[in-house]
Amino acid sequence: MIKVAIVDDNEVFLQEMKQAVESCGEFTEGMVCDTYSGGVDFLQADNGAYQLVMLDMQMEGKSGYETAQKLRERDDSVVIAFVSGVILPKPEHFKVQPYRYLLKNANKDEISRDIEELLRETKRRNLNEMVEVVCDGEARRIPIRSILYIAKAKRGSLLTVEDSYAGGGKTLQSNERLEKWYVQLCTQGFEYAHTSYIVNLRAVTKIVKNELTMMNGDKLGISRTCSSKFHQSFSAYFHKKYKRGNKE
């Protein structure tokens, strides 16, 4: 079952969003949509049960970004969407990996399309898309989202993943060559930053000139050979995630 939480201190807008979610074609029987009037109330009630959380950026007590920071400490897989009428995305907002940025002044059709895509993405993640990592006859299945980047190795490749999926470490050896991993994952948001490694674009928290910073703090260079295509892919990937508009 998929559970959705909407957090906003404007009661009228809160109910409008709840109605919009529940009337969306992607909202099916068995789904639940709960509402909260503030970040503090939501965090006190949340027990990790929500797969999609929509957060108002401006709230009394705890802002949407501050709420998202606390939420990410508990759950890296939840889909987060920021909602605002006046605040546009800032570099620090990327640290909590929001999937989409909704503007309150958008028309109903735009909001409905955004909600539809949010629910579709939540369903996709809820299926726990997995890949099989094979090394010396031993196979392990891990979520695609847990992979931060994959680099060439003497034999096959080396996957850098979130700690909880690497047996307490942070890397997994694979017999598969990097080129084959790219073919498998290029439609999942992976791109070459260097001829020696591909990165999960969702796990990039900062780009300064030709250097990437990943979610785990690792810094990777962007080679001249891959720079143009990488930046194009990065822009295209995040263009799908964030709606930009004029301030009110």
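Q: In what order do the strands of the three-stranded open sheet lie?
A: This model is predicted. In the three-stranded open sheet the pairing is antiparallel. The order of its strands is β13-β14-β15.

Q: Why is one side of β13 and of β15 left without a neighbour in the sheet?
A: β13 covers 204-208 and β15 covers 219-221. Both stand at the edges of the sheet, so one side of each lacks a neighbour there. The reason is that each has a single partner strand.

Q: By what angle are neighbouring strands of this sheet turned against each other on average?
A: Direction is ignored for this value.

Q: Which residue of β14 is the bridge partner of Lys-206?
A: β13 and β14 (residues 211-214) pair in the antiparallel sense over four bridges. In β14, Lys-206 has as its bridge partner Thr-213.

Q: Which strands are the edge strands of the five-strand open sheet?
A: The five strands run in the order β10-β9-β8-β12-β11, with antiparallel pairing. An edge strand here pairs on one side only. The edge strands are β10 (171-174) and β11 (190-194).

Q: Which residue of β12 is the bridge partner of Tyr-192?
A: β11 and β12 (residues 197-200) are paired in the antiparallel sense over four bridges. In β12, the bridge partner of Tyr-192 is Ile-198.

Q: What angle does the direction of helix α5 make with that of β8?
A: Helix α5 (residues 178-185) packs on the five-strand sheet. The helix touches β8 (147-152), β9 (157-161), β10, β11 and β12. Its direction and that of β8 make an angle of about 145°.

Terms used
Residues numbered from 1 in each chain as written. Predicted model: local features only at pLDDT ≥ 70, side-chain atom pairs only at ≥ 80, totals over all residues. Heavy atoms only, no water. Pairing = 2+ DSSP bridges. Helix = DSSP H or I, 4+ residues; strand = E, 2+ residues; numbered from the N terminus. Contact = heavy atoms within 4.5 Å. Axes fitted to C-alpha atoms, helices over the stretch in contact; angles between N-to-C directions.
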